[in-house]
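Try each task before you read its solution.

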Amino acid sequence: MSNTIHLLLKQNIGAKNSPVVKVGDEVKRGQLVADFEGLGAYLHASVDGKVIEVTEDEIVIQPNEVQGEDFVKIEKGATIAETVKNAGIVGLGGAGFPAHIKLGTDLGGTGYVLCNAAECEPILTHNMQQLLAEPEKLLRGMKLCMEACNAAHGVFAIKEIHEKEILTMQEIIDDERISVHILPDMYPMGEERAIVRECLGIVLETDKLPAEANAVVINSETMCAVANAVDDLKPLIEKDLTVAGYLNTANSLEIYNNVPIGTRVGDLIERAGGLFKHGEYGEIIMGGPFTGKSTTLDSPITKTTGGILVTKPYPKDERKMGLLVCACGGNEDRLREIADHMGSTVVGVERCKQAIEGKGGALKCENPGHCPGQAQKMLSLKKAGAQTVLISNCTDCTNTVMGIAPKMNIPVYHQTDTPLDTMHIERVRFLKDGQKK
């Protein structure tokens, strides 16, 4: 290993980390390199090596040529939550909320720990692979989370299309308090409030947390990290992720386990075969097609990175474009970025009917995945002069858009079109016959 590791000092919800190492220090894999105050999470070295740079934003480590499998163990806490805190674990599904805060919730011996095993974003598959490879670890993580939260019940929420994964978990569950709930195959079933609604039948308001339903929601990969921390005293120093798209390989999708946090995107793409050499690519997305953001070859993998997607070039369309922004997908800035890739001029912007603005201007859907219709929004965009529309809607919202747009002679682009086209996956357009809403 010779490529540098870049550990960002801001990788999760809450406070920015403060370095506790300096240039020239030799560090061991798992060693604490940055502290935090208030809401946050510790940061640990993901490789053996030497600190070569410390800035306001990152710690840069030059890895040793030879890397061992050993790591510096964390201190075991008086509680499970304290051990998880020492491990620096945050939500690995993308949100990045410090896990020890969730595990400090007391559900009073009556509540639920809900495992988000939906892996809702298209293309991303590493969570399902981990479930199949280490189901016992996931079950162990569930039991630890239930113990930490004083929960009476545990539920694995898995999409119906993942039949093998559902059977795998059902076969190993050895506790009557724990069950599997089968989710409909729709986006965004992995959204926290959607998980609560599907598993418990409770629709939370946009500003309410699962605790209001006497529940805690934890991503499946996070649960496995909890098991690693408690059983092996291992800090969060590695990430599982999916690398896919316009790559110079026979197989355009690779799953990588135990990638050191801080690895450059470009180094990981080279490991997957490199960028497609017979034509220009569109962009590199960090995350999934719905919620991912454009990134660069020099950007580092963080604790919350779920995927690296390289797209083929975006189609060109110079017609006037309207944007329909959904709380479940890309925000207005992201849609404008895609419109720019396409060479389109944006003439109007509307928000999905159920999108409610929350703290910091972020949008929240009143009832994720259930859409009341978008006819009024489409009419407004047409009145603004839109000849095409670019949307970021969930499965059901997209279905309602397609129920009206063709009648108005307005072609529809979805923000996920180019990533899905790159992978030869069916575009998001209509609900299939018999699909649950």
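Before we start, a word on classes: Ala, Val, Leu, Ile, Met, Phe, Trp, Tyr, Cys and Pro count as nonpolar, Asp, Glu, Lys and Arg as charged, and the others, Gly among them, as polar. Keep in mind that this is a predicted model.

**Exercise 1.** Work out how the lining of the second largest pocket splits by class.

Solution. Start with the space itself: the second largest pocket holds about 530 Å³. It is lined by 26 residues, and Pro122, Lys159, Asp185, Val428 and Lys432 are the closest to its centre. Now sort the lining of this pocket: 14 residues are nonpolar, 4 are polar and 8 are charged.

**Exercise 2.** How many aromatic pairs are there, and what kind of pair do Phe36 and Tyr42 make?

Solution. The count is 3 aromatic pairs. For Phe36 and Tyr42, the ring centres are 4.8 Å apart and the planes meet at 65°. Planes over 60 degrees apart count as edge-to-face, so that is what this pair is.

**Exercise 3.** Classify the pair Tyr187 and Phe290, then find where each partner sits in the chain.

Solution. The ring centres of Tyr187 and Phe290 lie 3.6 Å apart, with planes at 10°. Under 30 degrees counts as stacked, so this pair is stacked. Next, the positions: Tyr187 is in the loop between strand E10 (178–183) and helix H6 (192–200), while Phe290 is in the loop between strand E14 (284–286) and strand E15 (293–295).

**Exercise 4.** Is Tyr187 buried or exposed, and what about Phe290?

Solution. The cut-off for buried is under 20% relative accessible area. Tyr187 has 8% relative accessibility, so it counts as buried. Phe290, at 1%, is buried too.

Technical notes: Residues numbered from 1 in each chain as written. Predicted model: local features only at pLDDT ≥ 70, side-chain atom pairs only at ≥ 80, totals over all residues. Heavy atoms only, no water. Phe/Tyr/Trp six-rings, centres within 6.5 Å; stacked < 30°, edge-to-face > 60°. Helix = DSSP H or I, 4+ residues; strand = E, 2+ residues; numbered from the N terminus. Buried < 20%, exposed > 50% of the residue type's maximum accessible area, 1.4 Å probe, protein only. 1 Å grid on protein atoms, 1.4 Å probe; cavity = no way out; pocket = protein on both sides within 12 Å on 5 of 7 lines; lining within 4 Å. Points joined across faces, edges and corners; volume = space filled by probe spheres on them.
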